[in-house]
Amino acid sequence: MWLKFRFFILVLLLTIAGCNTDGEGNTAEVTTTGSSSDVGYQVTGRIMVASNTAKDSDVNDPRAPALSENNSLSSAQRIPNPVILGGYVNQPGAGPSGRSKTIGDIEDYFAVELRRGQLINLFVAEENLQGNDLDLTLFNSAGQLENISLSEGATESLIVPTDGAFMVRVNAYLGASSYVLSIGQNVPASTQSLLRLSDEFEPYEVLVKFKPEQRLQAQSALGMLGLQSESEDTSRRMLLTLEPNQSRLLATEELIFAAPEMQAKYETLMTVKQLRHRSDIEEASPNYTFKALRLPNDTLYRYQWNLPMMNLPLAWDLTTGDNLVVVAVVDTGVLLNHPDLKGQFVDGYDFIRNLRYSLDGDGLDNYPDDPGDQSPNGSTFHGTHVAGLIAAQSNNNNGIAGIGWQTRIMPLRVLGKGGAGSDYDIEQAIRFAAGLANDSGTLPTHRADVINLSLGGPEISSEFQELMNEARRAGVIVVAASGNDGTDTLIYPASLTGVVSVGAVDINQKRASYSNYGPLVDVMAPGGDNTPDVNGDGVPDGIISAVGNEMEESSGKVKIEYTFASSVGTSMASPQIAGVLALMKAVYPDLTPQNFDNLLSSGKITDDLGTAGLDDSYGYGLLNAHKSVLESIQLSGGMVPTPTPKLVVTPNSLNFGLNNSNLILTLSNGGGSELQIANVSDNAGGFLKIQGSGLGDYTVNVDRRLLSFGTYTATITITTNANSATIPVILQVGDPNVKGDAGLHYILLVNPETWESVQQAQVNAANGRYDFRFNNVRAGNYIVVAGSDINNDNFICDIGEACGAYLVVRNPSPITVNGNMTLAEFGTGFNVSFLSKAALGDSLPVSGIPRIQLLEKTVAP
């Protein structure tokens, strides 16, 4: 029997908008291919744009509105803070033809109010970084250079030194590229491979290693480069010095420096930068004295708001897991060589028997590596994302932190082409994981303790219930995603008896809009959502984990790069429950499915949400990892640490942006014993009002009437009888008519079989939204895709450009047109991962859907 199961994943998007007409004179041109017949239907829809989304005012697309240039300090474009902005720069003659091809658009300047400690990130979209190099510079209000990042990689990063008005410059040192500029809340920054004035190094000293084949010429080349050698051994790194203002490599750019010593450091960095572009240099760097920044152990942990929400830090004080505890991930397979997952596996199996779906050239085998699922929008590497949440390597100065640091993953591949799999193949994988007879003819050395099923469908064969019963009798706890329909529709296997059905909450601990609900949902975990950046860290509030990214090489061969990305969905919530269960099994190996059911229904291991006790929206509430581990220790008969109260606040920072007037803070007791709120105060001077008492939700209101235009920060301080917490707040006051804008968008009606455009709407943002319309649409199936063409190469959804699809970009939902229809709202966002490959020494963009060629570009709207 072939019943299709699919995973439950929604990809995190920055919301933007497009329109045909919104009743205010904003129109869109629609170009149609095919028959000119006027017989057909009308398809309308809406895309919303976040207030902290912005566009570069002078991109290469000549059809984009011709706004004022932003090419100098005096003409700097004003932008909000926090912000996620898409732009384009190029040297004259570089890049695709367009508005700036000939004359160049070398520099973009942005005026912005910043606060001390904020992080500015620049993500370079162009994949060829050898010939396309962008830099990031920070100037103070007097036009003096405060800091600069001069790397050659895909990421540049700066930390704001003090409160005030600044200008941020993005410039094309070489070539041309689209880019994404992000400014976020106070978070630590990575120092990997970056060249910044704020780093500590010896001025006028450079470390250089010549390529082996160039060693004979190296010594004579030094003088020509204006460098003095402190040693003569060219077989190793050499210490070179340069005289002030004497280097023949220095740029001729005239800059005013905020302090005299900055010029010396700038000359040093420019020398390093230009040495790195030489063909005879293997490596060049400043002579660092020490690193100024202390990073979190796992470089992306600062973005994992979901782990503190479940009280993982306190749980890790009790256990980080056990390598004898195994969680089976029944999914698309796992990237077995992902650097943040290597060493975390036990033997698994590939149970996809149908060669049309397997994509690896064979049927059943003992190699469950994920070759990619060839979804129409690009392979998802869904199983890798799930596995990373459960047990990514942790405390290794790399990537993300998994929930169970010592937990082992049993990868079982059942979902193939298009992310679909059969009832029977999934059954065989579950049997294998539970140590039951299966079609592989083998059994695992140690059966799984927990099985995670981030997959499902509306129908299931009748015998599947008995399979769940068998797994349960074997002592295995089965966890499954409740589904992403946002309804009370029953999804299987999550709705089967004995399966832990998991729903999703957002960063505010509210049921996510997509999360299924109803009497069969048992428990909640963070699944994220596609709302704007509530905590203001510069990254939308999704769930971050390991993934792969398919990159096409010049030979045409597709290579899988290992990276990290944010996704949202009950697919992300379910493995977090599985990860906590692994911690519980680490302290009490004899924990049974019934033990867990009893703890869940008792309320001892959850933080109650919604209506008191069990309810249809939240089940028994949000799983608390610390409470869960404590209860497991008690079940084991071990010495239970005396629980002490601990204040936990979510989210841990607030971003009101330009338009929000109220946000929610949730105060909870992450420990034990009684927690008393002694005082809640702020240093805002009157523009904040906080309403609430005791533990629970507090409403934080902002009154902008007391403030003039600008960016403001404040701190909320909460003191208790146990500990205190400080919550940074950031907000803007500006023109209330200014809305988010990701630039001119092309909205396409696409043939889902060929990915060719059928109709096209060309639209600009208006009032933070676009309402689009297609006329004379023939009956049939379509996919709706939207995106910008910043670099003017006549393709949307390039890396670094805005991109979205109905209903979500990683897994677009086909629409069936057989009458007039209005689509639900969907989002689009910049096609770049802020987090990708950050721990691997560079930033690698993660594209969503394939690049789609535009129809003819029409008259500029």
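# Salt bridges, ring pairs and a cavity

Asp-449 has a relative accessible area of 8%, so this residue counts as buried (buried is under 20%, exposed is over 50% and partly exposed is in between, with a 1.4 Å probe and protein chains only). The structure is a predicted model, in which local features need pLDDT of at least 70 and side-chain atom pairs count only at pLDDT 80 or more, while totals for chains, interfaces and linings use all residues. Residues are numbered from 1 along each chain as its sequence is written, and side-chain values use heavy atoms, with hydrogens and water left out. The model holds 23 salt bridges, nine aromatic pairs and six cavities of 30 Å³ or more.

**Salt bridges**

- A salt bridge here is a side-chain nitrogen of Lys or Arg within 4 Å of a carboxyl oxygen of Asp or Glu.
- Asp-449 makes such a bridge with Lys-585, at 3.9 Å from N to O.
- That pair links distant parts of the chain, 136 residues apart: Asp-449 is in the loop between H7 and strand E23 (450–453), and Lys-585 is in helix H9 (residues 570–587). Helices (H or I, at least four residues) and strands (E, at least two) are DSSP runs, numbered from the N terminus.
- Lys-585 has a relative accessible area of 4% and is therefore buried.
- Another bridge joins Arg-431 to Glu-470, at 3.4 Å from N to O.
- Since Arg-431 lies in helix H7 and Glu-470 in helix H8 (residues 464–473), the pair ties together parts that are 39 residues apart in sequence.
- Arg-431 is buried at a relative accessible area of 15%, whereas Glu-470, at 23% relative accessibility, is partly exposed.

**Aromatic rings**

- Nine aromatic pairs are counted; rings of Phe, Tyr and Trp (its six-membered ring) pair if their centres lie within 6.5 Å, and planes under 30 degrees apart are stacked, over 60 edge-to-face and the rest tilted.
- Tyr-349 and Phe-432 form a tilted pair, because their ring centres are 5.9 Å apart and their planes stand at 35 degrees.
- Tyr-349 is in strand E20 (residues 349–350) and Phe-432 in helix H7 (residues 423–433), so the pair ties together parts that are 83 residues apart in sequence.
- Tyr-349 counts as buried at 12% relative accessibility, and Phe-432 is buried with a relative accessible area of 4%.
- Tyr-301, Trp-316 and Trp-405 are linked into a cluster by ring pairs.

**Charges over rings**

- A charge sits over a ring if NZ of Lys or CZ of Arg is within 6 Å of the ring centre and within 35 degrees of the ring normal.
- The charged end of Lys-273 is placed over the ring of Tyr-173, 4.5 Å from its centre.
- Lys-265 lies over the face of Phe-201, 5.0 Å from the ring centre.

**Second largest cavity**

- A cavity is a set of points on a 1 Å grid over the protein atoms alone where a 1.4 Å probe fits but cannot get out, and lining residues have an atom within 4 Å of a point.
- The second largest cavity contains about 130 Å³ of space, where volume is the space filled by probe spheres set on the points, which are joined across faces, edges and corners.
- This cavity is lined by 16 residues, of which Val-59, Ala-64, Gly-743, Leu-744 and Ile-790 are the closest to its centre.
- Its lining is made up of eight nonpolar, four polar and four charged residues (Ala, Val, Leu, Ile, Met, Phe, Trp, Tyr, Cys and Pro are nonpolar, Asp, Glu, Lys and Arg charged, and the others, Gly among them, polar).

**Backbone**

- Asn-81 and Pro-82 are joined by a cis peptide bond, with omega about 0 degrees, and Pro-82 is in the loop between strand E6 (77–78) and strand E7 (83–90).
- The bond from Tyr-492 to Pro-493 is also cis, with omega near 10 degrees; Pro-493 is in the loop between strand E25 (477–481) and strand E26 (500–505).
- Phe-381 is not a glycine, yet has a positive phi of about 50 degrees. Phe-381 sits in the loop between helix H5 (355–358) and helix H6 (382–391) and is buried at 0% relative accessibility.
- Asn-794 has a positive phi near 70 degrees and is partly exposed at 34% relative accessibility.

Technical notes
1 Å grid on protein atoms, 1.4 Å probe; cavity = no way out; pocket = protein on both sides within 12 Å on 5 of 7 lines; lining within 4 Å.
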